[in-house]
Amino acid sequence: MTTVAIVVALVIVAVVVLLLARGRGAAQLQAPPATKSLEAPRPKPTPGHKEEPAAKKEEEAALPQGAKPSVPQPPSAKPSPEVAVEAPIAGARHAPPPAPPSKKAPKDMAGLRKGLSATRGGFIARLTALFQGKKEFDPAILEQVEEVMLSSDVGPKTTQAILGRLREALERKELADADAVWAALRAEATRILGIGGGSIRMSTKPTVVLMVGVNGVGKTTTIGKLATRYNAAGKKVVLAAGDTFRAAAVQQLEVWGKRVGVDVVRGKDGADPGAVAFDATTKAREGGADLLLIDTAGRLQNKVPLMDEIKKVRKTIAKALDGAPHETLLVLDATTGQNALTQAAMFKEALDLTGIVLTKLDGTAKGGIVLGICDELGVPVRYIGLGERAEDLREFDAEDFVEALFGKGEEESAAA
């Protein structure tokens, strides 16, 4: 009986304890015990800091349990790591994108005008005097224009062609004043000279260039200047001393070769020019040269056997390299006037000329020969010589040439 009573008492005690535990759990769910606030502690006020208004405190008190009030970031706060902010470079400016590079090299128009100063002071100055100060143009002035052009080595055929077009334009009332006629003269010159020009066309390796012309025109010197130009441009150049009749010509070419730093192929005194050209072409091809310049004897255009000989040289070069020579340039002396035009006509008949090199153009007050050559023969001027220096051999550009002749220089424009 005593044991039963003890068991019953223990059961009653256990039930009471269980009921008490459940009661405490329910009370905790309804009213959580007072604990420390989960809000982030506010920083202590600094001097000059104003106390937050009571309305804001009431707003924070109304936040749900466990929510943090929004705390404004101080001015020195770091940017969010989600946004990459590049530090500005000291002294950097927002500049517009650079302009695309010019296709053409800067023009030395002043140097070109200086080189053509003799022609500008002669041929062009005489033409200018006919038009200067005249608002209305008198067709009778064309007779004086004809006289100036003929005396400046333009040539009768080219002169008549130019004047014929001017008269037709006058009849159509297209030229109202002297300025319009002057502009028409410039346009005619550009049209005639614009048949071609520019430097040697490096079409293959090696490019073989045959240089021809009479004695005393500056053929060997022109070869030396061309070698200087292309060697400076990084091309491997070889020279061939094909003027075997003059020992001085071979020596002159060798001097240029040493000065420029290029190889010179030569034969014995009096050797066959064709054999020298063949040997030079073979060595240039085997040596990986870019350019071969072949000098030839200065031959008179009226000596048929000599002209036949240069034809044989061309054939010999073709045997050494298929398609060679790739260029045949005729060198003419601008100071010889109409004789240069006659030379060009004879050489063109005998050879397939690809261009003219007009030397000593700085030494003539006429200069109209360049118009006659291009118009009558249809052979483009490729280079013009305006001085003794290597850089005075210039690539011919029709528009630049006409501008340098007919246009006003800086000094003239300032004085106008």
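1. Leu 351 is buried, at a relative accessible area of 6%. Buried here stands for under 20% relative accessible area, exposed for over 50%, and partly exposed for what lies in between, with a 1.4 Å probe and protein chains only. Leu 351 sits in the loop between helix H12 (338-350) and strand S6 (355-359). Leaving out residues up to four places away in sequence, Leu 351 touches Val 212, Ile 310, Lys 311, Arg 314 and Thr 328; a contact means heavy atoms within 4.5 Å. Met 307 is 44 residues from Leu 351 in sequence, and their C-alpha atoms are 8.8 Å apart.

2. A note on the basis. This is a predicted model, in which local features need pLDDT of at least 70 and side-chain atom pairs count only at pLDDT 80 or more, while totals for chains, interfaces and linings use all residues. Residues are numbered from 1 along each chain as its sequence is written, and side-chain values use heavy atoms, with hydrogens and water left out.

3. Overall, the protein has 15 helices and eight strands. Helices (H or I, at least four residues) and strands (E, at least two) are DSSP runs, numbered from the N terminus. Of the 416 residues in the protein, 38% are buried. Among contacts between residues at least 6 apart in sequence, 76% join residues at least 24 apart. The accessible surface is about 24800 Å², and carbon and sulfur atoms account for 56% of that surface; the areas come from the Shrake-Rupley method with a 1.4 Å probe, and for residues only the protein chains shown count as cover.

4. Helix H7 (residues 178-193) has 16 residues, which at 1.5 Å a residue should span 22 Å; the C-alpha atoms at its ends are 23 Å apart, in agreement. The expected span is 1.5 Å times one less than the number of residues in the helix.

5. Which residues of H7 are buried? They are Ala 178, Val 181, Trp 182, Ala 184, Leu 185, Glu 188, Ala 189, Ile 192 and Leu 193. Viewed down the axis of H7, these buried residues fall within an arc of 160 degrees, so they line one face of the helix; the arc is that of the directions from the helix axis to the C-beta atoms. In general, an α-helix has 3.6 residues a turn, so residues three or four places apart point the same way. The cover over the buried residues of H7 includes helix H4 (117-131), helix H6 (156-171), helix H13 (369-377) and helix H14 (398-406).

6. The largest nonpolar core holds 100 residues, and Phe 131, Leu 193, Ile 200, Leu 293, Leu 358, Ile 384 and Phe 401 touch the most other members. H7 supplies the largest share of this core, eight residues. A nonpolar core is a set of buried Ala, Val, Leu, Ile, Met, Phe, Trp, Tyr and Cys residues joined through side-chain atoms within 4.5 Å. Phe 131 touches Phe 137, Val 145, Ala 178, Val 181, Trp 182 and Leu 185, not counting residues up to four places away in sequence.

7. Ile 124 belongs to helix H4 and counts as buried at 4% relative accessibility. Its contacts, residues up to four places away in sequence aside, are with Thr 119, Trp 182, Leu 405 and Phe 406. Met 149 is 25 residues from Ile 124 along the chain, with 9.4 Å between their C-alpha atoms.

8. Helix H13 is largely enclosed by the rest of the structure, because seven of its nine residues are buried. The buried residues are Ile 369, Val 370, Leu 371, Gly 372, Ile 373, Cys 374 and Leu 377. Gly 378 follows H13 and has a positive phi, near 70 degrees.

9. Backbone points to check by eye. The peptide bond from Lys 205 to Pro 206 is cis, with omega near 0 degrees, and Pro 206 lies in the loop between H7 and strand S1 (207-212). The bond from Ala 324 to Pro 325 is also cis, with omega near -5 degrees. Lys 173, not a glycine, has a positive phi of about 60 degrees; Lys 173 lies in the loop between H6 and H7 and is exposed, at 72% relative accessibility.
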